[in-house]
Amino acid sequence: MDFYRHPFTKTEGTPTITMALVHIISILFTFQVLVTAYSSSTYIKQFLDEAQVGLMYSVGATIAIIISLILPRILRKIGNVMTTLFLSALICISLIVLGMAITPTLTVFAFIIYLAFTPQIYLNIDIFLETLIGKNENSTGSKRGMILALMSVAALLSPLAMGQIIGEENNLSAVYFVGAGVGLLFMTLVIARFRQFYDPPYKTILVRNMLKDAAKDVDVRTVMIAQFLLQFFFTWAVIYIPLFLANEVGLDWDVISKILASGLLAFVIFEYPIGYLADKKYGEKEMMAIGFVILALASASITVMASLGIISWMILMFISRIGASLVEVTTESYFFKHVEGDEPNLISLFRLMRPLANLTGALVGSISLLFLPFHLMFVVLGLIMTVGVFTTSRLTDTK
């Protein structure tokens, strides 16, 4: 129906959406995800033990991978707008059920659904964004750096909001109701302003063809590996660092929220300048490698941080996110300089690195906890980030 979406082609007239609208929905979705993300491992631990928490993240990631593989077919059938709305509705329902915590089984089931569908929205936003950018590759880094910087503002505010919402009463369930409310705002904006979005022609292909296409270009393949490693770091940053701060170091959530926010401030400061420099001066390769060096050193340093003060934790989180900023912007910029908005299969494969990393990261974390004390598992993370330094050496620089 015309109310919901338009055909796949548009030959005249002005764009039906603007970059500012994409920025706004990106900010809303980022806030929705991160206001709940950092406390979720601690919240779910009320119903499961530590090893099972990692397994639940792995189950959610496995389902997310399956959905990501079939998503291009869904996009071709009903379009990006309807897909976005449908997934957003499921996410909001799962958040409400999570917050209500009617039974342990239903709560865990809702958590898995939430983990499974959340990564798909990033692909939907990517399609909106990349369709607007089009073939203007010289601005890819700065435009993606801008949207990442704006999303980082929401990311900075979300843990601070989380700390206030949880409060002294340690009301962890309240963040899920807030997340659902933000999701409703997201859906309202999509309905009001995106329903006339003209979809690009989506090419539905088999998984083996997706892998075959990626294998043809060593640069695309390599930057996907870099993206996987970055998302692996983010998986541990969301699951195990807050859990470590709450359970092992013994900090309350008001303090934890400030530590997390201090790290996320680095994204706000550095992401747009990094994107600009990637376009205009340095290219992506060197900055990506430097980012992985910082991530490796900062991750391993957590091992000796348990007895240090809050300021030290804030500084370490800030430094680690400088490294993450370098890797995030340069991987996004490099990949989308090689891929257009009408190639959802390669974009899907790129975004598939997120649930794959979630699956692998949760499993590796659970296994590490079986054999190592909690604080020593971060040495494992540092070693894994070191792989990124050598991986980026295979890239053909854009400058």
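**Entry 1. Terms and overall fold**

A helix, as I use the word here, is a DSSP run of H or I with at least four residues, and helices are numbered from the N terminus. I note at the outset that the model is predicted. I looked up the secondary structure and recorded twelve helices and zero strands. Read from the N terminus, the order of elements is α-α-α-α-α-α-α-α-α-α-α-α.

I then turned to the chain as a whole. It has 399 residues, of which 56% count as buried. The chain exposes about 15700 Å², and carbon and sulfur atoms supply 68% of that area. I also looked up contacts between residues at least 6 apart in sequence: 87% of these join residues at least 24 apart.

**Entry 2. The nonpolar surface patch**

The patch covers about 840 Å² of surface and is made by Leu 55, Leu 363, Ile 367, Leu 370, Phe 371, Leu 372, Leu 376, Val 379 and Leu 383. Helix H11 spans 344–371 and helix H12 spans 377–391; each of them supplies at least two residues of the patch.

I next searched the interior. In soluble globular proteins, nonpolar side chains tend to be buried together. Here, the largest nonpolar core holds 130 residues, and those with the most contacts inside it are Leu 98, Phe 194, Met 224, Phe 335, Phe 378 and Met 385. Helix H7, residues 218–249, provides the largest share of this core, with 19 residues.

I listed the contacts of Met 385, leaving out residues up to four places away in sequence. Met 385 touches Leu 229, Phe 232, Phe 233, Phe 292, Leu 295, Ala 296 and Ser 299.

**Entry 3. Aromatic pairs**

How many aromatic pairs does the structure hold? I recorded 19. One of them joins Phe 128 and Phe 194; the pair is tilted, with 4.8 Å from centre to centre and 55 degrees between the planes. Phe 128 belongs to helix H3 (residues 104–133), whereas Phe 194 lies in the loop between helix H5 (174–193) and helix H6 (207–216). The two residues are 66 residues apart, and their pair links distant parts of the chain.

Are these two residues buried or exposed? Phe 128 has a relative accessible area of 0%, so it is buried. Phe 194 is also buried, at 0%.

I noted a cluster as well: ring pairs link Phe 228, Phe 232, Trp 236, Tyr 240, Phe 244, Trp 313, Phe 374 and Phe 378.

**Entry 4. The salt bridge**

I searched the whole structure for salt bridges and found one. The side chains of Asp 254 and Lys 258 form it, with 3.0 Å from N to O. Because Asp 254 and Lys 258 are four residues apart in helix H8 (residues 253–280), about one helical turn separates them. I checked the accessibility of both partners. Asp 254 is partly exposed at 33% relative accessible area, and Lys 258 is partly exposed at 39%.

Leu 395 is in contact with Asp 219, Thr 222, Val 223, Lys 285, Met 288 and Tyr 334. I also noted that the C-alpha atoms of Leu 395 and Val 220 are 8.7 Å apart, although 175 residues separate them along the chain.

**Entry 5. A backbone angle**

Finally, I looked up Ala 101, which lies in the loop between helix H2 (50–100) and H3. Its phi is near 45 degrees, a positive value in a residue other than glycine. Ala 101 has a relative accessibility of 25% and therefore counts as partly exposed.

How values were computed. Residues are numbered from 1 along each chain as its sequence is written. This is a predicted model: local features need pLDDT of at least 70, side-chain atom pairs count only at pLDDT 80 or more; totals for chains, interfaces and linings use all residues. Side-chain values use heavy atoms; hydrogens and water are left out. Patches are made of residues with over 30% relative accessible area and no salt bridge: like charges are joined within 9 Å, nonpolar side chains (Val, Leu, Ile, Met, Phe, Trp, Tyr) within 5 Å. Accessible areas come from the Shrake-Rupley method with a 1.4 Å probe; for residues, only the protein chains shown count as cover. A salt bridge is a side-chain nitrogen of Lys or Arg within 4 Å of a carboxyl oxygen of Asp or Glu. A nonpolar core is a set of buried Ala, Val, Leu, Ile, Met, Phe, Trp, Tyr and Cys residues joined through side-chain atoms within 4.5 Å. Buried means under 20% relative accessible area, exposed over 50%, partly exposed in between (1.4 Å probe, protein chains only). Contact means heavy atoms within 4.5 Å. Rings of Phe, Tyr and Trp (its six-membered ring) pair if their centres lie within 6.5 Å; planes under 30 degrees apart count as stacked, over 60 as edge-to-face and the rest as tilted.
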